[in-house]
Amino acid sequence: MDKLEKILLVDDDDIFLMLARINIEKILPNATIFTASNGEEAYEFIVNQKQEIDVIFLDLNMPVMGGWDFLEQMKTKEKVDQKIFVVTSSIDPSDKKRAEENSLVTSMVEKPLDKQKLSLACLLYTSPSPRD
């Protein structure tokens, strides 16, 4: 993984998706951005997608399947190549601890997903994961 090209935004908030897309396009104009409105939709997309997604920005609280359930479902896959950033407005310390303890989570990012936070995510994307 060396070039960030395919991004999946998973959130049920259309305004968040729109603003995140705008900010990503400013920093990574050549990136392909996909969206899903819940964890189940995102998981199905990943399983059925012929091209690998590089990064997932994942909300925690969504209908149908939330972010935590999505992460548990991802653990059933043979291999997870995506770097997953939990994006949340939660200030609950237990969410932060849970994200830090989850082997699939690269980092937790507070909403909104602005250019500064996206730049940091890009930097973390290109760095070896401490969990690798």
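Why does Phe45 count as partly exposed? Phe45 has a relative accessible area of 21%, and partly exposed covers the range between buried (under 20%) and exposed (over 50%), with a 1.4 Å probe and protein chains only.

This is a predicted model, in which local features need pLDDT of at least 70, side-chain atom pairs count only at pLDDT 80 or more, and totals for chains, interfaces and linings use all residues. Residues are numbered from 1 along each chain as its sequence is written, and side-chain values use heavy atoms, leaving out hydrogens and water.

**Aromatic pairs**

A search of the whole structure finds two aromatic pairs. Rings of Phe, Tyr and Trp (its six-membered ring) pair if their centres lie within 6.5 Å; planes under 30 degrees apart are stacked, over 60 edge-to-face, and the rest tilted.

| Pair | Centre to centre | Between the planes | Class |
|---|---|---|---|
| Phe34 and Phe45 | 4.9 Å | 45° | tilted |
| Phe57 and Phe85 | 5.4 Å | 25° | stacked |

Phe34 belongs to strand β2 (residues 32-36) and Phe45 to helix α2 (residues 39-48), eleven residues apart. Phe57 in strand β3 (residues 55-58) and Phe85 in strand β4 (residues 83-88) are 28 residues apart. Helices (H or I, at least four residues) and strands (E, at least two) are DSSP runs, numbered from the N terminus. Both Phe57 and Phe85 are buried.

**The sheet**

Five strands form an open sheet with parallel pairing, in the order β2-β1-β3-β4-β5; two strands pair if DSSP finds at least two bridges between them. The edge strands, β2 and β5 (105-110), each pair on one side only. Strand β1 (residues 6-10) pairs with β2 in the parallel sense over five bridges, and Val10 stands opposite Ala36 in β2.
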